[in-house]
Amino acid sequence: MADTWRTVEYGAVSWLAAHRTRFDPDAADEGRVLFVRKALVEVALLVGLRARAESGSFDDADYQLLFEQVTAVAARASYRELVARDERALLLYAGTYASQRLCGRPDREFEHLIGQVVSGRYAACFERVPFRQLDLMHTLELAGIHHAAPAADAVLPFSLLCADPSVLKLSDGDVYAITHTVFYATDFGRRIPRWPTGFGLPQAVELLEALSLLYRRRENADLVAELLCCLLCLGIRDSPETERAWAFLADVQEPSGRVAGPDGVLPPELENGDREYRAWATGYHTTIVAALAGHLARDPAVIRWPRPSPPRPAGKGRLEAAIRRAIAWLTDDALEAPFDGAVAAAGAASRGARSVGEPQLAARTLTRLVQRADGGSAQPGAWGQQGVDAVAECARGLSACGLACDSLDRFLTDTAGTLTGLAALPTTAAGGVRRLQDLGRLTRRQADSLLVSTDPTSLLVENQAPAITAAALAQYADGQPLRLGGDAFAWRPVAERFVAALPTACRSYRLEEVAALLQGLGVLGWADHRFTHDGVDFLLRQQHPTGAFGYPARDDHQERATAQRIWTRSCVVALSCLHDLYDE
């Protein structure tokens with residue numbers, strides 16, 4: 001991995017040095033001056049941090065060229081004296097001076113100017129969100145400027161990072177707030193933050209690794225690089241996710257050393273410009289952060305820790321309580337539903353009851369279903385029109401409750417007889433074969449002879465919606481991860497696809513998709529992943545006190561009832577699958 005980060009860093013710094021004149025505000029068009037000033041302070045920080053690691057000198061000629069560019073701008077009165085005239089932009093100028101000081105070039109006049117502004121009872125005290133407040137304090141610390149702002153330890157508890165937010169809800173802006181909080185709280189890896197009570201390194205690493213996975217899938221090199229820097233700042237140098245992040249950055253880095261930023265990084269007023277300008281403006285920040293990651297990987301002063309074990313989730317108790325409430329709701333709903341709906345409700349209730357180890361919870365629903373099916377109210381062959389999962393769960397529930405249904409029994413027997421006459425079986429039917437074997441309708445030998453022609457990897461069509469793939473895999477596996485075969489590495493890209501689809505499904509309030517994706521993650525062995533736990537938490541917060549899932553935001557009674565039926569059945573099945581997979 002060392003060769004990777006060296007290649008990424010040296011290539012990035014080489015490209016920045018080749019475009020160093022772009023970091024000169026005096027050379028920028030009038031409408032782009034502020035944009036270039038912000039770019040200047042960012043490259044200045046990179047240079048300063050590298051100089052600090054090298055005791056004021058540079059081990060690379062390209063860093064030296066960048067240092068000379070920053071020094072040339074900082075030496076101008078037309079630049080430095082702006083701090084006295086634009087106090088709200090204090091961070092721009094203080095950051096430039098901090099870089100000069102780290103490079104062994106303290107400047108008493110520039111320092112005096114900044115000190116005057118800080119003590120002027122506005123620039124250092126106007127309202128800032130927590131990560132910006134940490135930015136201010138860290139910058140003034142590096143610049144050696146005395147200030148009366150509260151210590152970082154007092155601000156950190158109010159940060160988004162330490163709120164341990166759901167990874168499913170965060171915007172790009174939220175993630176930048178998290179990454180910058182880590183940068184300043186750790187002094188870019190040189191100190192250990194004083195974490196608030198209830199939050200610490202395991203939670204921080206788990207959150208950052210989950211976000212790194214998400215932004216790799218989104219091909220956002222800017223945030224992948226920032227999140228990698230954060231992991232390095234927290235001492236996590238060697239881990240599977242840092243390796244994947246480095247491999248991603250190396251793959252997207254251009255031969256010139258440039259690393260392109262995500263779409264939309266330029267405001268509309270800066271969109272126009274020649275090709276060279278656009279290449280610089282859309283890539284300089286990501287390239288700086290990639291170089292910063294390389295610096296952090298080799299700075300001997302950056303703290304190193306072994307990767308901590310992820311924090312243990314809250315356990316199975318919440319899931320069991322939610323499943324029990326939903327079973328009660330499904331029982332009442334099934335009594336009034338048409339036969340098709342009653343089968344689906346009874347199947348979901350049976351699945352939940354099986355998960356919590358009390359099959360009798362579904363007995364009332366199943367008894368009523370048998371009366372309707374065998375009493376002639378259902379059409380002949382009605383069982384064949386139902387989903388295989390629901391029918392199988394009804395059969396399992398009936399058996400567990402000591403109940404019998406003649407029409408269902410005949411249907412299962414006929415189905416098993418039809419299958420045994422087939423020479424080959426579609427992969428999509430494999431789940432039904434397993435269920436018939438579990439129900440004693442097929443022998444193991446018969447099932448194995450049918451399943452030999454199936455391959456779950458045939459379900460992994462890249463252009464197929466992730467939720468559809470997840471549902472197909474869950475049906476194939478019947479809740480048993482080992483049934484998929486292969487190793488975890490082979491299935492990782494599929495699990496990452498499900499993870500990447502989860503936030504959109506939550507934001508769009510497609511609860512059925514959320515449930516399918518979570519069940520898919522469970523059967524892929526990701527039941528204990530941060531994304532899965534946050535997804536489960538999202539679903540649990542959509543449950544009514546009645547036991548139903550979902551808030552349709554509709555006034556029509558029928559529309560509300562239909563949506564809640566679909567959502568509740570899906571959620572119960574998914575939560576039951578995960579309940580079975582969680583450790584106590």
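Me: How many nonpolar, polar and charged residues are in the lining of the largest pocket?
Reply: The lining of the largest pocket has 24 nonpolar, 11 polar and 8 charged residues. Ala, Val, Leu, Ile, Met, Phe, Trp, Tyr, Cys and Pro count as nonpolar, Asp, Glu, Lys and Arg as charged, and the others, Gly among them, as polar. Keep in mind that this is a predicted model, where local features need pLDDT of at least 70 and side-chain atom pairs need 80 or more, while totals for chains, interfaces and linings use all residues. Numbering starts from 1 along each chain as its sequence is written, and side-chain values use heavy atoms, without hydrogens or water.
Me: OK, and what volume does the largest pocket have?
Reply: About 1300 Å³. A pocket here is an open set of points on a 1 Å grid over the protein atoms alone, with protein on both sides within 12 Å along at least five of seven lines, and lining residues have an atom within 4 Å of a point. Points are joined across faces, edges and corners, and the volume is the space filled by probe spheres set on them.
Me: Which lining residues are closest to its centre?
Reply: Out of 43 lining residues, those are Lys-38, Glu-42, Arg-132, His-180 and His-285.
Me: Which element gives the largest share of that lining?
Reply: That's α2, with 8 residues. The elements giving two or more residues are α2 (33-53), α5 (90-102), α7 (130-143), α9 (172-185), α11 (221-233) and α14 (284-298). Helices are DSSP runs (H or I, at least four residues), numbered from the N terminus.
Me: Next one! How much space lies in the second largest pocket?
Reply: About 850 Å³. It has 33 lining residues, and Asp-389, Ala-390, Gln-519, Ser-570 and Val-573 are the closest to its centre. By class, the lining splits into 12 nonpolar, 9 polar and 12 charged.
Me: Which helices supply at least two residues there?
Reply: α16 (339-356), α18 (388-400), α20 (430-438), α22 (466-477), α24 (511-523) and α26 (557-581).
Me: What lines it?
Reply: Ala-334, Leu-335, Ala-342, Thr-365, Arg-368, Leu-369 and Arg-372. α17 gives the most, with 4 residues.

Terms used
On a 1 Å grid over the protein atoms alone, a cavity is a set of points where a 1.4 Å probe fits but cannot get out, and a pocket is an open set with protein on both sides within 12 Å along at least five of seven lines; lining residues have an atom within 4 Å of a point.
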